Amino acid sequence: MPFSPFEPDRLEARRRRLRLIPFRTLLPNLITLLALCAGLTAIPLAVQDKLEWAVAAIVFAALLDGIDGRVARMLKGTSRFGAELDSLADFVNFGVAPALMLYFWGLRELGNAGWIAAMVFAICTGLRLARFNVMIDDPNKPAWSGNFFVGVPAPAGAIAVLLPIYVYFLGMPRLAFVAPVTLVYTLAIAFLMVSRLPVFSGKRVGKRIAPEMVLPVFVTVVPVSVLLLSYPWLVLTSGAVLFLASLPLGWFSYRQHQRNDAAAAAAAQAGAHPRAQEAPPLQPPAQPAPDQPPDLDRPARLN
């Protein structure tokens with residue numbers, strides 16, 4: 001046998017380590033990388049004062065962010081690497097890019113205060129994503145808690161914080177108070193992202209659709225997409241306002257779930273559902289005394 005400088009056992013072990021990776025695990029990560037490219041592209045567009053295209057890039061990144069997780073779960077291609085990559089992309093797309101867009105649009109007129117507001121928003125986005133990654137594996141959460149986020153999610157926060165830009169493109173003049181109002185509004189959205197406010201989650205929406213709802217969904221999605229392309233600033237403004245208006249509804253719904261759980265726990269502890277009382281045992285028929293003669297006037301079967 002000729003001498004081989006390679007050990008066959010080590011080569012076989014290396015082949016096992018470098019096994020082929022299925023494409024279903026790569027596709028969600030490719031979508032996430034595409035979203036990251038869109039978010040990074042929004043930054044130079046904002047520097048070049050092309051805010052219309054920068055907003056379009058952020059909206060495109062938000063749409064891709066809503067797709068990659070669903071594709072991963074549908075293809076059973078979820079992985080720890082994909083989760084970390086998604087968090088990194090969300091921080092850039094919905095934290096850094098919107099903060100710089102607001103800064104170059106109007107916050108820089110306030111000097112250091114405007115830059116601090118932009119930094120606070122980006123930092124709150126990172127903190128919100130870190131908390132989400134920590135809480136996602138909590139085994140003590142009730143089943144219904146999956147319908148809620150803790151704090152405003154990063155994509156929704158990014159779309160909502162750009163509301164002053166939407167209103168500006170609708171025709172609102174640049175007045176002196178616009179920059180201070182934008183600063184306060186940016187800090188408010190940043191606070192909502194790191195708060196404990198329950199917010200409706202859409203992760204469980206769309207997993208199963210009834211057959212009779214397929215056509216209504218198509219009829220709804222197509223006009224909304226056309227309106228977004230035709231009247232983007234009006235649609236984005238309406239969407240941001242409706243989202244902010246729905247925040248109290250999420251809190252009330254979460255509190256109702258908590259009250260129902262508390263009532264169920266109290267009922268179980270107090271024994272609100274006792275066992276049905278057992279029926280009393282049947283009494284045997286009375287027997288005549290042995291020294292009493294039977295009644296001769298009655299039939300024998302009655303005696």
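# Helix packing in a predicted model

Me: Is the crossing of α6 and α10 left-handed or right-handed?
Reply: The model is predicted, so local features need pLDDT of at least 70 and side-chain atom pairs count only at pLDDT 80 or more, while totals for chains, interfaces and linings use all residues. Residues are numbered from 1 along each chain as its sequence is written, and side-chain values use heavy atoms, with hydrogens and water left out. A crossing is left-handed if the near helix is turned anticlockwise from the far one by less than a right angle, and right-handed if clockwise. For α6 and α10, the crossing is left-handed.

Me: Which residues of α6 and α10 make the contact?
Reply: Contact means heavy atoms within 4.5 Å. From α6 come A156, I159 and A160. The partners on α10 are A240, F243 and L244.

Me: How do the residues of this contact of α6 with α10 divide by class?
Reply: Ala, Val, Leu, Ile, Met, Phe, Trp, Tyr, Cys and Pro count as nonpolar, Asp, Glu, Lys and Arg as charged, and the others, Gly among them, as polar. The contact has no polar and no charged residues. Its nonpolar residues number six.

Me: Which orientation class do α6 and α10 fall into?
Reply: Helix α6 (residues 154-161) and helix α10 (residues 232-270) have axes 9 Å apart and an angle of about 125 degrees. Axes are lines fitted to C-alpha atoms, for helices over the stretch in contact, and angles run from 0 to 180 degrees between N-to-C directions. Angles under 35 degrees count as roughly parallel, over 145 as roughly antiparallel, 65 to 115 as roughly perpendicular and the rest as oblique. The pair is therefore oblique.

Me: How are α5 and α6 oriented to each other?
Reply: The axes of α5 (residues 112-135) and α6 come within 10 Å and cross at roughly 160 degrees. That makes the two helices roughly antiparallel.

Me: Which residues of α6 are in the contact with α5?
Reply: The crossing of α5 and α6 is right-handed. α5 supplies F121, T125, R128 and L129. α6 supplies A154, G157, A158 and V161.

Me: How many residues in the contact of α3 with α4 are charged?
Reply: α3 (residues 51-75) and α4 cross at roughly 160 degrees, with axes within 11 Å. The contact includes D65 and D68 of α3 and D86 and D90 of α4. By class, there are eleven nonpolar residues and one polar, and the charged residues number four.

Me: Which side chain meets E84 in a salt bridge?
Reply: A salt bridge is a side-chain nitrogen of Lys or Arg within 4 Å of a carboxyl oxygen of Asp or Glu. By this rule the count comes to one. At 3.2 Å, N to O, the partner of E84 is R80.

Me: Is R80 buried or exposed?
Reply: Buried means under 20% relative accessible area, exposed over 50%, partly exposed in between (1.4 Å probe, protein chains only). E84 is partly exposed at 39%. R80 has 56%, so R80 is exposed.

Me: Which residues does T32 touch, not counting those up to four places away in sequence?
Reply: T32 lies in α2 (residues 23-47). At 4% relative accessibility, T32 counts as buried. T32 touches D68, L85, D86 and A89.

Me: How many helices and strands does the protein have?
Reply: Helices (H or I, at least four residues) and strands (E, at least two) are DSSP runs, numbered from the N terminus. Along the sequence the pattern reads α-α-α-α-α-β-α-α-α-β-α-α. The protein has ten helices and two strands.
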